[in-house]
Amino acid sequence: MSYTLQDFAKDAHDILNKEPGPSGRERVAGKLSQLVKEDDFLKQYCENAKPGRHVIYEDPELHWQIMVHYMLEPHKGVPHDHGKSWAIYCQAIKHTDMSMWKRLDAGGENGSAKLEKVKEIKLTRGVSGVYNGHEIHSIAYPGGAVFVRVTGCDLDTIERLRYDLAKGTVKAE
């Protein structure tokens with residue numbers, strides 16, 4: 001019997017309801033890896049996805065979301081955070097290169113920022129990564145990459161930071 005989106009949604013809800021912090025998110029990442037390794041899930045939600053970002057589930061009580069991202073074109077993103085929220089990425093098709101960054105400056109309000117890359121991870125099918133609130137990361141992927149992302153809320157509704165390495169600046173969005 002396969003592990004379904006509905007199974008994952010129930011398990012993730014139960015875990016996050018009891019354990020909403022980083023350790024609970026790590027457990028959810030393990031369940032997300034299990035889901036994305038399922039061929040039925042891959043066929044239904046990833047292989048035939050339309051390009052772009054698509055919410056496939058939102059928890060009615062805790063308001064976290066599951067999205068499928070089908071990235072038609074290759075992309076190398078800038079360092080950013082998810083504000084006070086969090087995200088779990090899990091690769092479905094091809095790969096995503098994740099880079100973790102840390103701020104070297106005091107993080108003042110003047111719009112300047114100096115970052116240093118501290119870690120690189122390649123996500124391949126079924127490999128997950130957890131990015132907690134205010135953790136700075138960047139992503140890069142080839143055209144045709146598909147990943148599944150679970151976020152603590154609708155990220156479009158909260159302030160997040162985006163960094164420009166060449167200019168040494170940070171901007172709230």
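The model is predicted.

Start with the strand that carries Tyr89. Strand 4 runs antiparallel to strand 7 (residues 128–131), joined by 4 bridges. Here Tyr89 stands opposite Gly129. Strand 4 also runs antiparallel to strand 9 (residues 145–151), and 6 bridges join the two. In strand 9, Phe147 is the bridge partner of Gln91.

Next, the rings. A pair of aromatic rings is described by the distance of the centres and the angle of the planes. The structure holds 6 aromatic pairs. The rings of Phe8 and Trp64 lie 6.4 Å apart at their centres with planes at 80°, so this pair is edge-to-face. Phe8 sits in helix 1 (residues 5–18) and Trp64 in the loop between strand 1 (52–58) and strand 2 (65–71), so the contact ties together parts 56 residues apart in sequence. Phe8 has 0% relative accessibility and therefore counts as buried. Trp64, at 1%, also counts as buried.

Tyr89 and Tyr131 form an edge-to-face pair too. This pair links strand 4, which holds Tyr89, to strand 7, which holds Tyr131; the two residues are 42 apart.

| Pair | Centre to centre | Angle between planes |
|---|---|---|
| Phe8 and Trp64 | 6.4 Å | 80° |
| Tyr89 and Tyr131 | 5.5 Å | 85° |

Technical notes. Residues numbered from 1 in each chain as written. Predicted model: local features only at pLDDT ≥ 70, side-chain atom pairs only at ≥ 80, totals over all residues. Heavy atoms only, no water. Pairing = 2+ DSSP bridges. Phe/Tyr/Trp six-rings, centres within 6.5 Å; stacked < 30°, edge-to-face > 60°. Buried < 20%, exposed > 50% of the residue type's maximum accessible area, 1.4 Å probe, protein only.
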